[in-house]
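Trainee: I would be grateful for a close look at a single part of this model, namely the open sheet and what surrounds it. Please treat the matter in one connected account.

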Amino acid sequence: MQLKTIENKACTEPCITVEYSEMTPPVERVIGYVHYIARQNTGLSASADGELFSVDPAEVLYIESIDRKTFLYTEAKVYETGLKLYELEGAYAEYMRASKNSIINIERIRSIRPEFGARLLATMDNGEKLFVSRQYAAVLKEKLGLGGAR
């Protein structure tokens, strides 16, 4: 795979062209990554009460998947999005997996407390409490600068 970059001072918006002879998994990954980067600068498309919204990713406290539906929780409202957890997991630096069915916004954590079974209990800005499974606890502690990664 080749990469060509061209600096053009007259360019008003970056343009990415992917040229290929056939769609292969690596090409699909490149295209998916470009879409992922493009979404980082926009809000999350979501709905609530029959209306469509663009939700600021920084306002999201946590994201949860229930019965194949994905919900964004903010202090004011709960939204449903068509995105899957794996699509949101790495989309924003402040988002990290907290359990098999949830993602937490580490910028919105007020405090954490160790719990039985090597889990953590995270208290969010709004006072809501969420468990972080032991599988992700060390990563969270490391991201918060508390050590913990093995």
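Mentor: A residue counts as exposed when its relative accessible area is over 50%, and as buried when that area is under 20%. Please bear in mind throughout that the model is predicted.

The setting comes first. The chain contains 3 helices and 10 strands, and from the N terminus on its elements follow the order α-β-β-β-β-β-α-β-β-β-β-β-α. Its C-alpha trace spans about 55 × 45 × 35 Å along the principal axes. Of the 150 residues in the chain, 31% are buried.

The part in question is an open sheet of 3 strands, arranged in the order 8-9-10 with antiparallel pairing. Strand 8 (109–114) and strand 10 (129–132) are the edge strands, each of them pairing on one side only. From one strand to the next, the twist averages 25°.

The loop between strand 8 and strand 9 holds alanine 118. This residue has a positive phi of about 65°, although it is not a glycine. Is alanine 118 buried or exposed? Its relative accessible area is 51%, and the cut-off for an exposed residue is over 50%; alanine 118 is therefore exposed.

Aspartate 67 occupies the loop between strand 3 (60–66) and strand 4 (69–74). Its phi is near 50°, again a positive value in a residue other than glycine. With a relative accessibility of 71%, aspartate 67 likewise counts as exposed.

Two values for the whole chain complete the account. The chain exposes about 10600 Å², of which carbon and sulfur atoms supply 51%. It carries 19 positive and 21 negative side chains, and the centres of these two sets lie 8 Å apart.

Key: Residues are numbered from 1 along each chain as its sequence is written. This is a predicted model: local features need pLDDT of at least 70, side-chain atom pairs count only at pLDDT 80 or more; totals for chains, interfaces and linings use all residues. Side-chain values use heavy atoms; hydrogens and water are left out. Two strands pair if DSSP finds at least two bridges between them. Helices (H or I, at least four residues) and strands (E, at least two) are DSSP runs, numbered from the N terminus. Axes are lines fitted to C-alpha atoms, for helices over the stretch in contact, and angles run from 0 to 180 degrees between N-to-C directions. Buried means under 20% relative accessible area, exposed over 50%, partly exposed in between (1.4 Å probe, protein chains only). Accessible areas come from the Shrake-Rupley method with a 1.4 Å probe; for residues, only the protein chains shown count as cover. Lys and Arg count as positive and Asp and Glu as negative; His and the chain ends are not counted. The place of a charge is taken as NZ of Lys, CZ of Arg, CG of Asp or CD of Glu.
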